[in-house]
Amino acid sequence: ELAKALGSGSIKADSIEAKNVVAGLQFIADPAQATPDELRQEIAALQQQLAQAIAAGDFENAGDAEDVQSDLAAAEKELAAPEPQGSRVVRKLKAATEILTESAGTAQAAGKVGIALIKLAPVAAALYQIAVKLFGG
């Protein structure tokens, strides 16, 4: 629909904010130049999107949803510290990424292709990669 509207000219690309179209990076323009504070902001945004996915019933397993919330909260809190422990941030983001990827795969296999959860897994994976670049793996 969006692609058709853009193609016909009824919607101009410059009138659309990317964050409203897809769940993606909102604070990091260039992942290669990301700062720890930008990463923290992205994690906070991902937590909000995750809360919406949970409220919408996107998770089959409530325990997995709680684990992802806990991991993201711990990573965000660590990044807010004066001297964050990078290895802890990387470990927490890796765990969250693995759970989101597995949950998204389960949802896709069940034919639930339109749910928000599926869009969150690649965002988490991108944040994990940025953390590895910032702090080492």
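Biologist: Is α5 roughly parallel or antiparallel to α6?
Modeller: This is a predicted model, where local features need pLDDT of at least 70, side-chain atom pairs count only at pLDDT 80 or more, and totals for chains, interfaces and linings use all residues. Residues are numbered from 1 along each chain, and side-chain values use heavy atoms, without hydrogens and water. Angles under 35 degrees count as roughly parallel, over 145 as roughly antiparallel, 65 to 115 as roughly perpendicular and the rest as oblique. The crossing at roughly 160° therefore makes α5 and α6 roughly antiparallel.

Biologist: How many nonpolar residues does the contact of α5 with α6 have?
Modeller: Contact means heavy atoms within 4.5 Å, and residues including Val89 and Leu93 in α5 meet residues including Leu117 and Ala121 in α6. Ala, Val, Leu, Ile, Met, Phe, Trp, Tyr, Cys and Pro count as nonpolar, Asp, Glu, Lys and Arg as charged, and the others, Gly among them, as polar. By class there are 1 charged, 5 polar and 17 nonpolar residues.

Biologist: How many charged residues are in the contact of α4 with α5?
Modeller: Among the residues meeting here are Asp64 and Asp67 in α4, and Arg88 and Lys92 in α5. The contact divides into 11 nonpolar, 1 polar and 6 charged.

Definitions and conventions
Axes are lines fitted to C-alpha atoms, for helices over the stretch in contact, and angles run from 0 to 180 degrees between N-to-C directions. Helices (H or I, at least four residues) and strands (E, at least two) are DSSP runs, numbered from the N terminus.
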